[in-house]
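Here is a short tour of one protein model, written for someone new to reading structures. Have the picture open while you read.

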Amino acid sequence: MKKLYSLMLKRGLILAGIMTVCASGSAFAQNKAIDFKQGNPFSDGFVAGKTLYVAGQQGPDANGKVTGTDITEQTTNAIAAVKKVVEKAGFKMSDLVSVTVYVTDLDDVKKMNEVYIKDMPDPKPARATVQVAGLIGGAKIEIAAIAVKH
């Protein structure tokens with residue numbers, strides 16, 4: 001009986017070891033680029049384990065232009081672009097833990113906040129808002145984010 005128990009214990013330990021290796025392997029298998037296009041210098045997002053890093057997203061209009069659009073429209077569209085990357089990666093907006101908002105004009109922050117409060121889920125993630133000298137394409141806003149799967 002003691003020999004049978006010892007054999008069962010060894011099998012259990014071996015099975016536990018195999019399961020541990022499989023589980024850790026699947027965590028590493030989650031690392032993937034989101035919306036990487038060959039020739040581009042970046043991906044729109046990158047999943048590393050249970051964390052998603054969303055590259056800065058701007059708010060172009062339906063024609064892909066940011067010029068001629070106000071901060072309200074650009075903020076709405078930038079948040080929608082973040083949401084698209086978040087959901088494509090298999091995350092939810094409520095998984096966001098940190099957001100960095102880049103704006104070219106601090107006078108736009110009040111209107112940006114009105115949209116942000118409405119469109120970002122509660123509780124709001126930690127956030128930094130930074131004024132920059134300029135953004136690619138003449139954008140007024142760019143939003144980068146980090147999400148962690150619960």
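## Salt bridges

Let's start with K83 and E87: their side chains meet in a salt bridge, at 4.0 Å from N to O. This is a predicted model, by the way. Both K83 and E87 sit in helix α2, 4 residues apart, which is about one turn of the helix. How open are they? K83 is partly exposed, with a relative accessible area of 39%, and E87 also counts as partly exposed, at 45%.

Searching the whole structure turns up 4 salt bridges. One of them joins D35 and K88, whose closest N and O atoms are 2.6 Å apart. D35 belongs to the loop between β1 and β2 while K88 belongs to helix α2, so this pair ties together parts that are 53 residues apart in sequence.

Then there's K118 with D119, where the closest N and O atoms are 3.0 Å apart. K118 counts as exposed because its relative accessibility is 61%, over the 50% cut-off. D119 is partly exposed, at 28%.

## The largest pocket

Now look for the largest pocket, which holds about 170 Å³ of space. Its lining is made of D35, K37, N40, F42, D44, Q57, A81, K84 and V85. Sorted by class, that lining has 3 nonpolar, 2 polar and 4 charged residues.

Which helix gives the most to the lining of the largest pocket? That's helix α2 (residues 71-88), with 3 residues.

## A buried serine in a loop

Find S43 in the loop between β1 (32-34) and β2 (45-48). Is S43 buried or exposed? It's buried, because its relative accessible area is 17% and the cut-off for buried is under 20%. Leaving aside residues up to four places away in sequence, S43 touches A33, I34, D35, F36 and A55.

## How the strands pair up

Next, follow β2 into strand β3 (residues 51-57). The two pair in the antiparallel sense over 4 bridges, and V47 has L52 in β3 as its bridge partner. Together β2 and β3 form a hairpin with 2 residues between them, and G49 in the turn has a positive phi of about 65 degrees.

β3 has another partner to look at: strand β6 (residues 141-148), again in the antiparallel sense, over 5 bridges. To spot this pairing, look for T51, which stands opposite V148 in β6.

How values were computed: Residues are numbered from 1 along each chain as its sequence is written. This is a predicted model: local features need pLDDT of at least 70, side-chain atom pairs count only at pLDDT 80 or more; totals for chains, interfaces and linings use all residues. Side-chain values use heavy atoms; hydrogens and water are left out. On a 1 Å grid over the protein atoms alone, a cavity is a set of points where a 1.4 Å probe fits but cannot get out, and a pocket is an open set with protein on both sides within 12 Å along at least five of seven lines; lining residues have an atom within 4 Å of a point. Grid points are joined across faces, edges and corners, and a volume is the space filled by probe spheres set on the points. Ala, Val, Leu, Ile, Met, Phe, Trp, Tyr, Cys and Pro count as nonpolar, Asp, Glu, Lys and Arg as charged, and the others, Gly among them, as polar. Buried means under 20% relative accessible area, exposed over 50%, partly exposed in between (1.4 Å probe, protein chains only). Contact means heavy atoms within 4.5 Å. Two strands pair if DSSP finds at least two bridges between them.
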